[in-house]
Amino acid sequence: MDVDGEEHKTAHELTPTEENGQQELRAGSFPAADTKEPLAPTALSPPLQDSSAQTPAPVPEPIPEGPYRPEYKPMLMLSGHSRSISSIKFSPDGMMLASCAADKLVKLWDVDTGDIIQTFEGHTEGISDIAWSSNGEFLASASDDKTVRLWSLETFSMVRVLQGHTNFVFCVNFSPSSAMLASGGFDETVRVWDVARGKTLKTLPAHSDPVTAVAFNHDGTLIGSCAMDGLIRIWDTESGQCLKTLADDDNPICSHIKFTPNSRFILASTQDSTIRLWNTQTSKCVKTYTGHTNRTYCIFADFAPGRKHIVSGSEDMKIYFWDLQTREIVQVLEGHRDVVIAVAAHPTHRLIASAAMEKDLTIRLWSDERP
């Protein structure tokens with residue numbers, strides 16, 4: 001299964017069920033081939049064969065392949081930032097990778113060659129996050145200079161400076177239509193912006209600690225936010241009302257969240273070395289993924305290409321892959337020389353990007369090129 005609920009099934013068929021006292025995600029099941037009732041003969045049916053007649057030997061069934069297990073290998077290493085990298089994101093078409101860092105720069109890389117396409121300068125302090133508009137026309141960057149800046153991919157220039165946050169801006173994301181932008185930061189608010197006008201539409205008094213991540217759902221009607229207070233909140237985009245709060249008993253710092261494509265689940269990274277999958281409708285945690293180390297930094301997690309696995313960086317300098325369904329660790333990548341703070345999954349290919357902190361400063365691309 002995958003996070004869409006597709007095993008070539010629709011997004012709406014991903015349903016949690018209770019099995020052996022434990023919540024499981026299921027994509028639905030197909031009936032076994034031999035359970036189908038035979039159709040009654042009709043006037044147009046071919047004549048029934050005499051059961052005593054000799055029948056040909058059955059053709060042996062092909063042996064089904066086992067489930068896909070990732071086998072990512074190093075592809076490219078990108079160097080260019082001079083301070084800790086904080087966020088990396090593939091463009092919607094997968095042709096480019098954007099990165100940002102504490103060196104106040106946003107860089108744009110060619111995914112095929114690893115060459116730097118463009119460096120954007122303008123922020124006066126380090127940058128914590130970047131996001132692509134869904135149409136690929138703009139990049140947004142969130143900085144400790146208390147601003148969000150919009151960059152045009154057509155002119156390679158800065159087109160807007162969004163001012164309003166009263167402290168470091170830590171996270172940013174576009175709505176699916178690219179008409180709105182959400183940002184969060186150390187002033188403990190989530191701001192919703194009109195991209196075209198560069199103006200604040202709403203300021204949500206979201207949390208009691210710095211906001212670490214913001215995300216829109218698939219149709220832009222909901223905004224998710226998480227914070228160092230350990231809470232995940234879901235907001236109505238239009239009204240600004242808080243619809244739900246998701247919280248674990250221990251309330252570990254929540255570093256990052258991401259909606260599944262059908263918006264029925266949220267993947268959340270927390271600083272108790274755990275990644276949780278929350279059902280947004282029942283407000284229950286349905287899966288937990290462990291084995292990596294995350295107790296200090298806000299580390300990104302993502303759904304790996306194919307949406308059947310979860311990928312995350314780790315403070316032990318490794319990259320971990322889990323099977324979404326079984327929660328088993330299925331691959332661990334090594335090579336970075338510092339905390340792997342950011343990972344990103346390519347939108348269409350089996351390609352992963354990872355980025356590490358101060359003692360490393362590289363972005364690495366990993367590919368699984370098996371058919």
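Two strands count as paired if DSSP finds at least two bridges between them. The strands themselves are DSSP runs of E, at least two residues long, numbered from the N terminus. With that in hand, take a look at Leu 97, which stands opposite Trp 109 in strand 6.

Before going on, a word on the model. It is a predicted one, where local features need pLDDT of at least 70 and side-chain atom pairs count only at pLDDT 80 or more, while totals for chains, interfaces and linings use all residues. Residues are numbered from 1 along each chain as its sequence is written, and side-chain values use heavy atoms, with hydrogens and water left out.

Back to the strands. Strand 5 (residues 96-101) and strand 6 (residues 106-110) pair in the antiparallel sense, over five bridges. They belong to an open, antiparallel sheet of four strands in the order 4-5-6-7. Strand 4 (85-90) and strand 7 (116-120) sit at the edges with a single partner strand each, so one side of each has no neighbour in the sheet. On average, neighbouring strands here are turned by 20° against each other, direction ignored; such angles, on a scale from 0 to 180 degrees, are taken between lines fitted to C-alpha atoms.

On a 1 Å grid over the protein atoms alone, a cavity is a set of points where a 1.4 Å probe fits but cannot get out, and a pocket is an open set with protein on both sides within 12 Å along at least five of seven lines; lining residues have an atom within 4 Å of a point. A volume is the space filled by probe spheres set on the points. The structure holds one cavity of 30 Å³ or more.

| Space | Volume | Some lining residues |
|---|---|---|
| Largest cavity | about 50 Å³ | including Ile 232, Asp 248 and Trp 278 |
| Second largest pocket | about 170 Å³ | including Met 75, His 346 and Arg 350 |

Finally, there's Thr 155, in the loop between strand 10 (147-152) and strand 11 (157-163). Is Thr 155 buried, partly exposed or exposed? At 49% relative accessibility, Thr 155 counts as partly exposed, because buried means under 20% relative accessible area and exposed over 50%, with partly exposed in between (1.4 Å probe, protein chains only). From Thr 155 to Glu 137 is 18 residues in sequence and 9.7 Å in space, C-alpha to C-alpha.
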